[in-house]
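My entries follow in the order in which I worked.

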Amino acid sequence: MRAFTSFMLLLSSMCLLTGCSPFASDNTVEEIAPVTFLSVEAGGEKGKLKVSTLVPPVMKEDKQFFSTNVTLLEQGRRSFNLKYYREIKLGQLRMLFIDEKVARNGIVSLIDTILTDPEVSPRLYLVVFKGDFEAFIKNRMQQQKDLDYYLYRMFKHYEKGKQGEITVTNIHEFMEKVYSPYSDPYIPVFRVDKDNFRYEGTGFFGNGKLKGGTDKNQDQFFQLLNNYHFLKNMIITPLDVSLGEVRSRVTTHVNLNDHTVSFNIHYRGRIDEYRGTKDLDRQVSIYELVDELEGYMEEGTVSLLKKLQELKVDPLEIGGQTMAPASKPMSEEDWIKFWESAKIKVDCHFELEPLSI
Amino acid sequence: MFWKKKSKRVRHENKEGNQLFQKSKDLSIAAVKGLISNMDDGELIEHRINKERNITLIFIRTLIDVERLNESIIQPLKNCSEDMIHTCIASVKAGALSSLDEAQKLMMLGHVLLDDGKGRWWAVPLVNTLGRSIEQSEAETILYGPKDSFTEQIDQNITLLRRRLPVTELKTEKFSAGYLTKAKVVLMYVEGIANPDIVDIARKKISKINIDMVIEQSNLAAFMEDHIHSVFPQFQQTDRPDQCAYSLGLGKIVILVANTPFALVAPITFFHLFQSPEDYIHKWMVASFLRCLRYVSYLASTTLIPLYVALTTHHYQVIPLQILFVLLESRSKLPFSPFWEALFMLLILEIIKEASLRMPSKTSTTLGTIGGIVIGQAAVEAGFVSKVLIVLVGIAAIASFLVPNYLLSKTNTLIQFAFLILSSLLGFPGIVFGMIYVLAHLNGLSSLKQPYFAPVAPLYWRDWMDFFIRAPIPWMKKRPAHVHPLFKWRYNRGDDH
Amino acid sequence: MGDFILFDKTAQLGKGYIIAFANRSQMLYFILFLPKFLEMPYSLLGILAIGILSQINLFILSKCLSSKYTQQGYQGFADLLGRRTLRIIAFAGIAFIFIKMSLIILGYAEIVHQFIFPAMQLPWMILFIILLSTYIASQGMEKTLRFGIIAFLCTFWIILLYIPYFFPPGAELHDLYPLIPTDWSHNPWKGILMVWSSLSGPEYLLLLLPWLNSKQKMLRYLSIANAISILQYLLLFLGCLFFFGSTYLGKIGFPVVNMIRYLQSPVFERVEIIMISLLMFHYVFFISVLLLCLYGAIRISAGTQDKETTRKGFYAVCLLVLAGVFFIQSFYWREGKELNGWANVQLWSGAFTYLLIPSLLLAATKIKGRGSSL
């Protein structure tokens with residue numbers, strides 16, 4: 001029992017002698033300002049970055065927008081600290097907005113820096129933006145005080161829902177794909193101006209650099225080919241139809257001898273809205289519509305895949321198909337060489353769920 | 001654990017003390033009269049029977065049943081012509097006395113001393129059984145189940161137990177404790193089930209007690225506990241005869257102390273303190289859920305506030321963003337750091353709790369109002385504490401009431417304070433440090449030399465039937481292993497019984 | 001209670017303790033960065049192979065454990081090896097035990113430093129861990145071993161946290177290819193050695209024999225423990241492969257801990273902070289057992305094993321350990337993502353003790369048995 005006493009004595013004495021505290025830093029919540037996002041743009045000079053953020057995070061205080069030109073990312077935080085009365089902390093960093101120009105020059109080293117900070121969670125959403133992000137924030141922060149929080153909620157919602165409305169990528173997924181030989185990362189691309197923050201499509205990366213992206217229409221095909229294989233809502237303007245709850249089942253086959261990559265895709269969905277000329281009460285016209293849909297899907301998918309070939313990226317991890325338990329895997333360069341020149345065969349099948357009325 | 005027992009010194013003084021009360025005089029009327037000198041309620045009645053015989057009755061009026069004095073002793077003696085007059089007193093058994101010491105003892109226990117006029121002394125028991133009637137248990141109330149509880153009358157308590165276990169194997173061994181109180185202590189166990197080693201340990205521990213006063217069961221427990229420096233009770237204290245009878249049947253021992261309505265039950269484990277008689281009344285799934293709820297709420301009552309302090313001082317990353325914003329807003333203008341804030345609130349809470357126990361029940365509404373509104377709401381509005389903390393303090397306080405054992409539910413306060421300091425220093429690892437310490441401490445404890453943290457350590461798998469989950473009673477075919485019962489099976493196995 | 005008795009014995013500890021002890025001893029510090037060194041998917045086979053080897057070794061160990069010499073504790077060992085040799089061996093054992101213990105302490109302190117409190121000064125953590133272990137150990141060997149069950153129950157379920165990683169979209173089958181090595185550009189030997197070294201630990205049961213119930217099927221329990229450990233290794237490694245992919249895995253410092261950072265629960269995000277804190281149960285338990293072993297070894301090598309254990313002596317040993325760990329901490333700092341010299345020492349010493357002690361001891365009993373029967 002003396003151990004207990006001495007233990008308590010030791011503790012209480014340590015508590016009293018605060019000068020002897022084991023810590024050099026303190027994270028008491030009222031003294032820190034955990035920022036939720038950082039935005040990175042190209043700085044004025046060459047090789048410099050412009051880092052900005054919004055403090056404080058949601059509170060009934062006036063928001064301040066900070067931005068500074070730095071060479072190192074940490075420098076940004078430091079300079080914010082010098083300006084602000086609370087210490088800026090990155091432990092709650094949820095979003096990283098990267099300017100398109102920066103993204104085109106490569107962002108792996110930037111992300112590495114962020115990942116080395118043990119405080120930062122690997123669930124950090126990556127976003128590429130085109131346009132003037134600063135103007136957007138400055139304009140909106142007056143009207144909507146917890147703007148950054150709602151942006152975060154939006155990403156979280158679409159990540160959880162897996163509904164293919166927008167692409168969501170976090171820092172871990174990005175890095176895993178960067179290092180994995182047969183897959184290339186992708187990041188959502190947003191267009192911002194003073195009033196809007198609009199989803200534009202998915203941006204594809206190769207070797208850590210932004211190569212190109214989809215438009216809103218192509219993005220639907222990408223969502224159906226990619227991980228989630230689901231679209232909550234697919235709008236097909238040429239056919240005047242909107243489909244709901246579209247699911248896809250994709251089987252990919254890589255034939256190294258034939259130099260072809262074939263896709264066999266089964267779709268299943270429901271007609272949400274139809275403004276076309278066909279009379280859907282007739283079975284024949286349903287068949288016609290299905291045929292048209294299949295044709296449309298094939299065309300769209302092929303054009304997306306061609307684009308990926310042009311960009312020399314493989315975000316769909318098709319290269320993984322070439323692996324087998326006992327064979328020596330292809331090198332990354334070999335695969336990309338194969339991929340950019342491979343023949344593509346796409347076969348789509350569409351199943352429409354029975355109309356409810 | 002590291003302090004040597006200081007009981008030796010007590011024992012030494014005790015010897016002198018005993019001499020103070022020893023009178024080595026012969027048994028004579030003068031000497032017995034001396035015993036009741038300066039006693040207002042000491043009475044001496046001289047009575048002449050058969051003309052030539054003078055008998056003397058000496059007794060303490062407040063200790064004997066005065067109404068029965070006439071019919072039991074005086075009337076029979078009036079017509080007594082026998083030489084040995086005790087044969088005339090048929091309704092109660094008179095015993096011969098040989099020494100003044102014995103006379104004094106018996107007189108103080110409610111006997112009437114009787115001098116037959118020929119130099120022989122008798123003691124006739126005529127004990128006053130004044131006491132409370134059997135009432136409902138207040139410490140452990142249950143809805144469906146037996147409502148009776150022990151009273152201060154030890155014989156009545158034994159009756160309650162004997163009625164529940166009407167077998168001759170139920171043994172009662174009598175001891176007396178305290179040289180001033182001379183409290184009757186009864187050790188009860190079921191022979192053939194209870195392990196004789198454990199009974200022996202208890203027997204030795206009781207007979208070794210050497211102190212002036214044993215007023216109630218806790219005095220006794222204090223001397224019998226293996227680890228006096230632990231916050232955890234090593235004896236279960238209950239006033240429910242059904243609980244005691246159940247424990248006896250499982251092979252435990254029960255110790256009753258005179259003039260107190262609580263019995264001590266041992267050996268127990270830490271987890272026993274979370275069991276309520278109600279567990280065996282509910283359906284097993286409900287009972288299991290309630291039991292788990294109790295463990296969780298005990299854990300919550302000890303760690304909730306420390307967790308708050310750990311999160312707000314060290315691990316802001318752990319808090320989900322939504323909650324963090326709430327915290328940031330409620331804490332942004334507070335004058336105290338989370339640690340001091342929590343410490344103050346906990347102290348205030350303890351003050352309120354303690355006050356509500358000590359206050360007469362009529363004032364408790366006032367107390368509730370003051371405690372709830374003035375201290376809670378006003379403190380928030382004045383900006384001393386955050387709303388979040390008030391909510392957590394409330395939850396922790398209510399959670400602490402879920403533990404059926406009152407003594408155990410009081411330990412959480414101390415643990416909470418220790419955890420609070422640790423968490424403010426080291427955050428989560430600090431709390432885990434505290435937990436390891438508490439668990440290691442529990443692991444080292446014993447109750448009547450039997451491990452306190454069974455069935456976890458040592459591991460008794462079959463006791464897990466009655467642990468986190470309370471398995472259906474027909475499944476519990478064996479008595480708990482940590483009691484080491486002589487007869488393991490709970491059901492009748494034909495040839496054995 | 002007044003006497004300070006560390007090595008008394010009142011009850012025999014059964015199968016639960018053996019399984020818990022053997023399993024926990026195989027899940028110590030190395031497991032946290034083992035996947036990084038294994039890296040390629042075909043190392044799965046390596047783990048399996050080492051698991052089988054370890055099983056054979058445990059078979060030998062269980063033979064040793066059930067021999068009549070080892071059953072008697074110190075006296076038996078003295079009869080078997082001679083007092084003088086035993087003293088020398090005990091003296092050498094001090095080094096091994098100390099290396100193992102200091103690596104666990106330093107490794108854990110480092111993880112805490114890296115993931116939870118980057119600003120914390122390491123000596124504080126070390127001090128706290130040793131204080132706590134000293135407290136547990138001072139309750140005596142029997143209660144310390146009993147604490148093993150608590151440690152086991154408090155940490156075993158951590159493996160369940162890795163289950164989410166086995167589901168798509170994170171997990172894809174081609175993450176596990178190639179399963180059969182096709183070229184030897186990546187050198188897996190260090191990883192394989194680390195698996196072996198990490199599996200070492202059950203040999204410490206030899207020192208705990210007097211507390212164990214000798215009448216039980218030791219081999220079966222050891223096999224169960226070994227199988228559980230191998231399963232856990234495989235699970236962790238598979239989870240890492242699924243989560244990081246083999247190329248990225250080679251670049252991660254503590255993959256097993258880093259993975260957990262990705263988990264989120266509705267109440268707590270950053271589950272790794274909680275997990276790392278809970279791991280302490282397991283380390284503190286093992287350190288306290290090792291402290292007692294160290295104290296015993298020092299007593300034997302000093303020739304005072306027949307005297308009573310003293311509080312002063314035990315605390316002196318603990319203080320020495322504290323001083324030693326501080327000393328090592330100030331000299332061996334881990335830089336980059338590779339192992340430091342000290343971890344390498346433990347890598348080899350662990351592998352060495354696990355490989356040689358059971359077989360050598362078995363050989364000694366056989367020779368002695370033959371000698372005495374002649």
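**Entry 1: chain C against chain B**

I began with salt bridges (a side-chain nitrogen of Lys or Arg within 4 Å of a carboxyl oxygen of Asp or Glu), and across the interface of chain C and chain B I found zero of them. Before going on, I noted that this is a predicted model, in which local features need pLDDT of at least 70 and side-chain atom pairs count only at pLDDT 80 or more, while totals for chains, interfaces and linings use all residues. I also noted that residues are numbered from 1 along each chain as its sequence is written, that chains are lettered from A and ligands numbered from 1 in the order in which they are written, and that side-chain values use heavy atoms, with hydrogens and water left out.

For polar contacts I used pairs of N or O atoms within 3.5 Å, where within protein one must be able to donate a hydrogen and the other to accept it, and residues adjacent in sequence count only if both atoms are side-chain atoms. On that rule, six residue pairs are in polar contact between chain C and chain B, both residues being at pLDDT 80 or more. On the chain C side, the elements that give two or more residues are α1 (15–26), α7 (122–137), α8 (141–155), α14 (271–302) and α15 (311–331), helices here being DSSP runs of H or I of at least four residues and strands runs of E of at least two, numbered from the N terminus. That side divides into 27 nonpolar, five polar and five charged residues, with Ala, Val, Leu, Ile, Met, Phe, Trp, Tyr, Cys and Pro counted as nonpolar, Asp, Glu, Lys and Arg as charged, and the others, Gly among them, as polar.

Counting contact as heavy atoms within 4.5 Å, I get 37 residues from chain C and 37 residues from chain B. The buried area, which is the accessible area (1.4 Å probe) that two parts lose on being put together, summed over both, is about 3,400 Å² here, and carbon and sulfur atoms give 76% of it.

**Entry 2: chain A against chain C**

How many salt bridges does the count give between chain A and chain C? I find one, formed by R94(A) and E269(C), whose closest N and O atoms are 2.6 Å apart. The polar contacts number nine residue pairs, both at pLDDT 80 or more, and α1 (2–16), α6 (147–161) and α7 (171–179) of chain A each supply at least two residues of the side that touches chain C. I sorted that side of chain A into 22 nonpolar, ten polar and ten charged residues. In contact are 42 residues of chain A and 33 residues of chain C, with about 3,200 Å² buried, 62% of it from carbon and sulfur atoms.

**Entry 3: the two domains of chain A**

The assignment, which is automatic or from a database, gives domain 1 (28–213) and domain 2 (216–357) of chain A, with 31 Å between their centres, taken over C-alpha atoms. Together they bury about 2,100 Å², 52% of it on carbon and sulfur atoms. In domain 1, Y182(A), D184(A) and F204(A) lose the most area to domain 2, together 34% of what that side buries.
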